[in-house]
Structures are given as C-alpha cells and as structure tokens.
Amino acid sequence: MGRRPHLRLWSQRRDCLDVSKARKARGCKVADAAETAGRVRHARDAQHVLIAADKFKGSLTAVEVAERVTAGLRRVDPKVEVEALPVADGGDGTVAAAVAAGFERREVRVTGPLGDEVTAAYALRDGTAVVEMAEASGLQLLPEGVFAPLTSTTFGSGELLLAALDAGARTIVFGVGGSATTDGGAGMLAALGAVFLDAEGAPVAPGGGPLASLARADLSGLDPRFAEVDLVLASDVDNPLTGPKGAPAVYGPQKGATPEDVAELDAALAHFARVLSESAGSAALECAESPGAGAAGGIGYGALVGLGASFRPGIEVMLDVLGFAPALERATLVITGEGSLDEQTLHGKAPAGVAAAARAAGVEVVAVCGRLALPAEALGRAGIRRAYALTDVEPDVARCIAEAGPILETVAEGIARDFLV
C-alpha cells in the first residue's frame, strides 16, 4: 500500500457558530475570497490544491481520500502545495470530519437503536459541539441483516446531545442522516425529559410503531438549557415528516420496512404530530411539513418542535464550522468528491456545496468519485469542471471498492497531469 503522505489538516474557525451571523459571514467570506484568492494567485507561481472531499462510503474515509489524492498529485508534481479539509454533509462521517479539522473527539456510552449500550462520539471545540445522530442511532450499529423499522429508537441521540450540553456546548451542530430509526425523534425527546404516555398512563414503548398508541405528550420536562443553546439541524434532505415524500415512505425501505410497515409508521407519525399539537400548539402540525422534518426517520421533526432547532443544509453548516472559506482563499484548485456522483449529489451533498462555494470564489473545481452517473452538462451546472471516476481506471466495481486507495492515487495522477503541469 506504501507510505501515506503527510497532510496539513486546516481549520481556522475558532468561534462558535451563530446561525444568523454565519449566514452573513458566509456571504462576505465567499465574496471576499474571490478577490483575495485572485491576488494570491497572481502573486505566486506555485499551485495550491485544496482537497475538500467526503468519504467513499464502504471504501475510504474522507481523510484517507485526501491522503491518496495527495500521493497521486505529488507523483506528478512533487512540489505542489496541498491542503486537506475533509468534509461531510451532516450524515455519517460528520464527527470524523470535525475531528480532522481540529475538534476534540469525546466518547460516551449511550443507548443504541436496538436498546443495547453502544459507544458514541461527538466533537467539541471552543463551545461548539458537532453531534452526529448516526453515532448513537445509525444503521451501522445494527448487526448485519438485522433491522427493526418499527421499534428502533433515537433515545441514544438524546443522550449524546445531553453529553454535549454537559460538556459546556453553547452551539450544537446536529448532523442527522444514516439513521436506523423512524420514531419522529420521540426517543431523543424522551431522553431529554419529555414524557409520552398511552391511554392507560403507561410510557409508550420505544420506536415509531408504538407511537400509534400515544395518548398524551408532555414536553414541559425537556432540558431547559436548550432555550439558551443554538441548535442547528444539519441535513442533506428536506423531506416532510409524513406523506408520499415523508420519512417512512422515502427512507423506511432502506431500514427494512415492508410496505405494511411504511403505512403503519406513516400513520403513527401523523398521530404523533397531532398529539404533540395538543400540548405544543398548532405549530407542531405545521412543523411536520417543514423542510428537514423527515430527516433521519423524523428526528428532524423532534428537534424542530421540541428543541427549537433551526434547519440548514448540512454541507453549508459544516463548511462554516470547518473553516472552508479561509482555506478556499489559499486555493488555486479545489478537489472534491464522494463515492458516487449521481443525482443525489446535486441535492445538498458535500461535493455540490463545495463546488458552489468555490465557483462563487472563482476557484476551479474537479471531482473524484468511485462511480460517475452524471453527464458533463450536469457537472458543469454544479460548478464542477471535470469528474474522475475509479471505474475509468478499473471497470470492475468490486475491485474498485476493494482497492480504492491505490486506484484513487492513479486517478489523482491524471488530475495532476491535466491541471498542474
């Protein structure tokens, strides 16, 4: 496999993420970056490559992608300056990206999606926490071939948020995606002090299915510190809670839900929203239609209604938190990517967010991927000059997955020949 190259992992973001300020700062930084980066590029001959890629799921972490791309670039141009800023869009890998950017990794024992105890991590720096719900309630925590679409719980995600609060976080970026759950965030809220009772006054069992028996919801016991914390719901999906585009219908099948399960979960979540409206007001019903309410099996809904979260596209939030704007100012070329560049990429995935910011700053972007399923026209509209796929080098998909690292280095050599020399 060879020795991996040394990388500089940059992030100069040291302040907490204020939602309103971040939006303004992001606009200013992008505009300023175009002018600043232009001056820097004219002032030097050396190329400065910024690698801002997501993971290749099932093959390489985002950090490993950056390492392999760097190795390939330097085989062709040994003097090229390379800066790595692994990125994520709020789904699995979000905490790892924050840690690579300088956040401290913290581990806690929480309740897993099946009710057993698991170890989950979050990231913390200067009062800002990055919490990834998949760490506590994700599909990757299920045994192979085992699903529990009706009974899996987000209780551990609530415990993870509580750990971040206890550690002193004043701003929490809550990345939601990759969940094993479809419980509307009921488990998460229960872990934070909410009470959900059936008609007999007994606690409702964990999971989305049992919410059909919910008779009374009491949110008055929720941890009061959430009133003082900026909680940002970071997700790459904007689905509502229920209906044809809701959490059960769109994402339930990938969590093992049969058509009958999907119908049961959809009805149970709709009932959940109606009962919540009795204690939280009519806004609870309106919120079920809000963008992001259906994220991660409806945990977005629980965060929006119960915890006062604000919704933002995950990649936008993470670029702010990771310090992408100052890194972009130094770049003459940006390399982004993920395992599969396809239609989903264009709807809030990391490469699309990176490309949009770089295009606004006048910096050229190319992408690496395992599989390319987008025409050149779509790439161009997204701000990506060219995409390089592992399957261009090795048509055998199984080998691409098994030998992704070495093949990616070969792909990066092609980028260097096309853009650096």
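How many residues does α8 have, and how far does α8 reach from its first C-alpha to its last?

## Helix α8

In this predicted model, α8 has 22 residues and reaches 31 Å between its first and last C-alpha atoms. That span is close to the 32 Å expected at 1.5 Å a residue. The helix covers residues 259-280. G281 follows α8 and has a positive phi, near 95°.

Several residues of α8 are buried: D261, V262, L265, A268, L269, F272, A273, V275, L276 and S277. These buried residues pack against other helices, namely α6 (186-191), α7 (247-251), α9 (283-287) and α10 (299-306). They also pack against the strands β7 (195-198) and β8 (214-218).

## Nonpolar cores

The largest nonpolar core has 55 residues, and the ones with the most contacts inside it are L161, I172, F174, F196 and Y301. Helix α8 supplies the largest share of this core, six residues.

I172 belongs to the largest core. Leaving aside residues up to four places away in sequence, I172 touches A129, V131, L161, A164, L165, V229, D230, L231 and V232. One of these, L161, is also among the residues with the most contacts inside the core.

## Confidence

The protein chain has an average pLDDT of 90, and 89% of the residues score at least 70. Over residues 1-44, pLDDT stays under 50. For that stretch the model has 91 contacts beyond four places in sequence.

Definitions and conventions
Residues are numbered from 1 along each chain as its sequence is written. This is a predicted model: local features need pLDDT of at least 70, side-chain atom pairs count only at pLDDT 80 or more; totals for chains, interfaces and linings use all residues. Side-chain values use heavy atoms; hydrogens and water are left out. A nonpolar core is a set of buried Ala, Val, Leu, Ile, Met, Phe, Trp, Tyr and Cys residues joined through side-chain atoms within 4.5 Å. Buried means under 20% relative accessible area, exposed over 50%, partly exposed in between (1.4 Å probe, protein chains only). Helices (H or I, at least four residues) and strands (E, at least two) are DSSP runs, numbered from the N terminus. Contact means heavy atoms within 4.5 Å. pLDDT is the predictor's confidence in each residue, from 0 to 100. The expected span of a helix is 1.5 Å times one less than its number of residues.
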